[in-house]
Structures are given as C-alpha cells and as structure tokens.
Amino acid sequence: MTGEPPTHPQATSRRPRSAARDIERYGALFAERTKVMKSSAMRDLMALTERDDVISLAGGLPDTSTFPADSYASLMSTVAANSCARALQYSPTEGLSAVKRCIAEVMRAEDMHADEDEILVTTGGQQVIDLVCKTLLDPGDVVVCEAPTYPGAVPTFCAYQADVVQVTMDRDGMRTDELESTLDELERDGRTPKFIYTVPNFHNPAGVTMSLERRHEVVRIASERELLVLEDNPYGLLRYEGSPLPTLRSLDEEFIIYASTFSKILSPGVRLGWTCAPAPVLAKMNLGKQASDLCSSSISQYFVSAYFESGPWENYVRSLIEIYRRRRDVMLDALAEDFPREAEWTHPEGGLFIWATLPDYIDTTDLLARALEDHVAFVPGRAAFVDGRGGSSMRLNFSGVDEDLIREGIRRIGEVVREQVELYGTLTGTGPATRPAVRRDPVRVEARPGAHDATHEATHAPTHEPANILPLRRKRA
Amino acid sequence: MRIAVLKGGRSLERQVSLKSGARVEDALERLGHHVVAIDVGADLVDQLIAERPELAFVALHGRDGEDGTVQELLEVMGIPHTGSGVSACIRAADKVLAKHAMRDAAIPTPDFHAFSETAFRELGAAQALPAVEDRLQFPIVVKPAGQGSALGIKFARTPADVPSALVAAFSYDRKVLLERYVAGRDLAVSIIDEHGTPRALPIVEAVPEQEDFYDFESRYEIGRTRFVCPAELDEPIAARAASVALDVYALLGCSGFARVDLMLEAESDELYVLEADAIPGLTETSLLPQAADAAGIGFDELIGRIVAAAAPGVTVA
C-alpha cells in the first residue's frame, strides 16, 4: 500500500475516462479566479431550499403571479404584430431607444434625469455589477462595500479577484465615519479602492435605508477623493412608508455609477436592467457588454416598451407596494410573536428583505439545516460577508410567498430558534432569559419591536449613535 | 441488466447524491445495462414496484440512503442492492455506534463521549461537561452522530466554545459526540470488494492549503484543500492504515465498497479511525473514484465491480 498503483489490464484504455485525470487536466486549465468559490456544503444546503415542500423565505423573488396573464398575452401579441422581425433580431448593444425612454421615465419617478446617451441597457442589474468589475478591476484591486453586502455581488467581486473590504452598517446605512477611516487606512498602505458599492435604499440583505445625511457624506467623500460609487437601486420604488430620499446620483452625478432594473417593478424574467455612468466609464462598459452578450434580449426590450405604451406603468408598482407592505407587516408581526426575545431584526421601509440577528451562539447555517427538517428556509447571514462574519444572522424575504405562508414560515423558524436558545441555556446553566445577548453582527436595528409604530419611529429617528463596530478583518477574496 | 439508480432524496447531501447518481447512470449505460433513474421520495416504493429492477444501485448519501432505511425497504421488496446491507449501514452511519464498536474491538479511534439532546435537557448532562473536557483536553471536535458531510462539525478551543458547538451539532442530529482532536494528517482509505475479498485502494490525503480557517468547515472548501493520491506515506504506515481500514470494514460488516477516514497523529505516528462511510461519494472530485483511478481502475470499471459484488452473476465489464 504505497504510491505504486497495481497494474490492471484495462488501465490504459480506461484512463482517458478517469476522474483523477479529468480533475488534473481541467484543474490545470481553471483560472485562478474560479478557485474562490463558496463552500460546497453551503451551496448544497441552499439547493434544498428550492424543494417544493419548503416554505422558502430564502429567495429574493418578486411575486410575478400578480401580473395578469391576459396583459402578458396581449403585450406579446402587440410585439408580434408590430415588431416581430425586429424583436427576433439583434439590437444595439446600448439598448433600444424605446426602452431608454421607459428607463428615463422610471428614473424621473425618483427625481433623476438621464439622456438616452447616458443610459446603457443591461441584462438585469446583475450585469451592471459584472460590467463595473470587468471595466475597473485588476486582480487584487480593492472594492469597498457594506457589511453585510448583497449576497449576489460577492461571487462577482470574487470572480474578479477583488480585495473586498466591508464597512459596517447601522440603522442609517453604511457608516461613513468608518468608510473614511477605512479609506485613510488603505491610503496609508498606498491603496485606493476602485469603487464603493452600496445599496442605499432598502438594503439587500440588511433591510435598512441610508439616511440623507449619510448620502451627502458618501457623495462628499467620493467627490473629495475622486472615487467612483456604484449605487445599486433595485428597490427604490418599492417604498411602503416614509418619504423618498434622493438617490446618490441625484445629489451628484460626477462619481456615481447608477444601476437599476425592471426586475422588481415589472419582471425579473425580462432580464433587463440599466446603468448610467460617467461617459468614459459608460463607453468602456459598453465595450465590455459587447464582448459579453452583444446586446440584451430584443424580445424583452420590445415587450417592455409595449408595456410602457399600454398604460401607466406605475399602477402595477402601486399594486405591488400594497401587496408587499401587507406581507412585510405580517412578517414583522410574526417575528414579534414567534421569535424569542434574544432575537433582533430590522424594520425595512421598503424593498423585499428583513435582516434578523440571533444570539452569537447560534450559527444560522446550522440552524438552516435544522429548519429544513421543518420545511422552512432562509438565507444564512454568512452569504453576505467575505470574511466569515454574519454567522448568527439571517435574511428573510417577504415578497415571494403569501401572508399565510409567511406566518407559518416564521412560526417554524421561531420554534427552532427557541429550541436552540433553550438548549444553550441548559448547556450553560444560564437559562435563555437571564443571559445577556452578546452579538457580533453589525446591523441590528430593533430588538423586539412590540409595535410597528414604535419601531418605525426608532428607525427613522436621526441618530448618530453607532451600532456595534467590529474590527475590520481583511481578507483577500 | 435492469438497474434502478437511487439518487437525490431528502438528505442534506442531496446535491452530492444527484451528481454521484448521474455519473453512475452514465457508467452503467456504457456498460450496457438498462438504467432507470429514481429520485428518491415519497413514491419510492411505487416506483420500484412499477419499474421492477433486477438490482438497485444505491447512490444516496446521508439520511435514509446511507443509514439502512432504503436498504431495509429494498430487502423487504426482494430487490438486491449495491453496497452494504442494513446492519452495516446502521453501524457506519451512526458515528457513535461505529466508534463504540471500534473501541470494543481495540481498533484505535480518538477518545470520545457522546450525548443525546435529552441528556442535556432532562438529565443535567451539562454538569458533566467539565469532566468530559478534562478527559479529552482542548481542542475538542464536536460533531453530530449522523451527518456525513462537514456540516455541523465544530472545533472547540476553550470551554466557552463548547455550548455553541453543541447547539450547532444538535441542529443535525439528536445525538452528538465530543471527540479528542488528533493533530496530524488526514487520510482516507477506500475499499472495494474484489471477487468477494475486500481490497484497500491507494490512500488519499487531504492537505489543507492554508491554516487560517475561521471554522472547521472551511477546511473542506474548494481551494482550501488539496487531495494527494497516493498519499506520500512510508510503506509501513500505508500498510498499517490499509490494514486498520480493512479491519473496520470487516468489523462493521460492510460489503461492496466503503471508505474509512483516519488521522495519522503527527506527534505519535499513531493512526486513529474517525469514521467509515458506507456509501462514499462517486462524483468527479470524490475520494473513492480518485483512489480507484490511482489503482488503475477507471470509473466504469469501478461501477462494474460494485454491481458485480452486489449481483454475483453479472460479469465485470
């Protein structure tokens, strides 16, 4: 039993099929960037959340079942009747003018102005993140983002071998004081981030919204230091309470790369998003897009433009807001009812997500395994960090399933959390009620909000008291 | 031959099983068998009745598939199946049972203590934790008794780490074990039956690429571990590892194929058996196919041999 493999008559003819040889052969071909992948165990767990018998609060899905099937049929007929050949054809890389006009209209709804030549139509908002990385990043370049950050951005940053530095959030969004100190620290090391990535409205996954003061701060910092900011705003129009805040782009266009999408206001299935960026950056992104996919789907673009011509697009958004607001409220009520007192969660004014944080002795990846036994799922917080933080947090989505399922889902999660809190109390002899909650996760906004109003007020109250700060751990992604 | 490949299921290792199953199906087809793929669920028995396979290739991992549940059903239905039988599956899937059996048979396994959740909830077992910690000494590895993958395995460095590690492990099973950590080299010995006699294949060593992992699981992440086969071991140690693994295989009553995981302690050069896996992974990156390949046994032939071991009348391809 040493290294010498015994010979076998069929060895030679079989070897081309062999697993080890394949691994070796392909392993040598894989680019460095493919090596930075998420844990396979975590991926396997997440795959289970898609089972039919699981109440999934894990997805980030808008509820497309509310879109009338007959409207869809009639829009597609319009596309067939008026633009069949063109819809089936390639279209310009930057997107059809007709769609850019729709985009300009949507941006106007958030008090922004964009000319057609400032807009690049993309394949979903996700492609903007990819194109920005493709355009700006060399391996090892620094990207600054929030902690937690959009879990879907993490693999993109990693694929471009970015050195991701996460800045803590509190109820007012990204901590700009920490942002500045982080930038100073980087500067001392002779490093300048290529861009800052932020989701100012109804953050995914944190569920918080950047305050006006912080928005001004971010824009000031970007301008003073001549840093680009990628402002990702997929949810801005899905506001359920409070007044809209200006986008970063509307405060200062110079250093802002703005990204948004039709996914949350119409359909993620059309795979259409867009970006507005400083002209030289936009030109490079256009080249990048050409290389990636030539153009976004012409069929989708004609569909969207037919949709905007068919009537006021805001009506559907308003109907979604009504539905999602109710679902959010149901989830907040259920959390107050069913989660143990040791838990905390954010109170989102819009968007699709609530971020809940449990005592630090509960690992939400393990908790998910337990929850799946009870046929319920969420996203473990670690997915939103590059450095192993977020272990006791979870992202809960309230847009994808109906109110009854939200109640039942939260009840089931609450039960397994309670079970673990009790077990921990038994193990430590402290009992769940007496042990002070010690936490390590950065975003915790409200502990046990008994009533929405109180929470709401607390969330809105301008406060400069920072949430818990963690020493930043640096890790090459 | 009409062979049903049982894959998927509801265990946490469903994805790995689907990959194993798909590869097995391809191999069986190339070997000229008629393959029926079954994603194991509530209609398993109905499907088996409808399909009437001559043999079931069990490519399931984890709960139901690896713990004897599916094997029991197949045996009741009179359908021969690949791999170990019910009792061996039960013994191997439960790390606590397996370790007790090893200890009783004087096969070296790291010291351990196992507790059920009720021991803590109802019998005050928490009071006994200091004694357990004293005996095992830190660091201590805490694992669920019945979870096959790295999920739920925690590394406790101090007494303060133990309660949360236990909570994590209890997420996967009602029974967990605390085990002495053996610092050293991570070895896997794959075994296949050759004409009724188990044979140890070249040893695979898992070599961590970096040591700055923040939890135990990270060691198993892609890019953080490199697999070397055959492991670079001195001949006597390799022979000893193979021999110990074969002893475990026999002790648990495994058949067809299995994998035995061991640690070679750096300090003492002693071998310790961690666990046996009755249905090891059969994916492109799994250890058993790598080991077979190092022995000159291609994947199709490996699958052919596993089938032959289960249905002796079938010719090895």
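Start where two helices of chain A meet: A:Leu131, A:Val132, A:Lys134 and A:Thr135 in helix 6 touch A:Val281, A:Lys284, A:Met285, A:Gly288 and A:Lys289 in helix 11. Touching here is contact, with C-beta atoms, placed from the backbone, within 7 Å. Keep in mind that this is a predicted model, where local features need pLDDT of at least 70 and side-chain atom pairs count only at 80 or more, while totals for chains, interfaces and linings use all residues. Residues are numbered from 1 along each chain as its sequence is written, and chains are lettered from A and ligands numbered from 1 in the order in which they are written.

**The helix pair**
- Helix 6 (residues 124-136) and helix 11 (residues 279-293) of chain A pack at about 105 degrees, with axes 9 Å apart.
- Helix 6 and helix 11 of chain A are therefore roughly perpendicular (the label for 65 to 115 degrees).
- Sorted by class, their contact holds four nonpolar, two polar and three charged residues; Ala, Val, Leu, Ile, Met, Phe, Trp, Tyr, Cys and Pro count as nonpolar, Asp, Glu, Lys and Arg as charged, and the others, Gly among them, as polar.

**The cores**
- The largest nonpolar core has 147 residues, and A:Val132, A:Val229 and A:Ile257 touch the most other members.
- Such a core is a set of buried Ala, Val, Leu, Ile, Met, Phe, Trp, Tyr and Cys residues joined through C-beta atoms within 7 Å.
- Helix 15 (residues 403-428) of chain A gives this core its largest share, nine residues.
- Beyond its neighbours within four places in sequence, A:Ile257 has contacts including A:Val132, A:Val229 and A:Val281.
- A second, separate core has 77 residues, among them B:Leu28 and B:Ile38.

**Chain A overall**
- Chain A has 16 helices and 15 strands, taken as DSSP runs (H or I, at least four residues, for helices; E, at least two, for strands) and numbered from the N terminus.
- Of its 477 residues, 51% are buried, meaning 20 or more other C-beta atoms lie within 10 Å of the residue's own, placed from the backbone.

**Covered pieces of chain A**
- Helix 14 (residues 364-373) has eight of its 10 residues buried, including A:Leu367 and A:Arg370.
- Just after helix 14, A:His375 takes a positive phi of about 60 degrees.
- In strand 4 (residues 163-170), eight of eight residues are buried.
- Strand 3 (residues 142-147) runs parallel to strand 4, joined by six bridges; strands pair if DSSP finds at least two bridges between them.
- A:Val143 has A:Val164 in strand 4 as its bridge partner.

Definitions and conventions
A residue is buried if 20 or more other C-beta atoms lie within 10 Å of its own, exposed if 12 or fewer, and partly exposed in between; C-beta atoms are placed from the backbone. Axes are lines fitted to C-alpha atoms, for helices over the stretch in contact, and angles run from 0 to 180 degrees between N-to-C directions. Angles under 35 degrees count as roughly parallel, over 145 as roughly antiparallel, 65 to 115 as roughly perpendicular and the rest as oblique.
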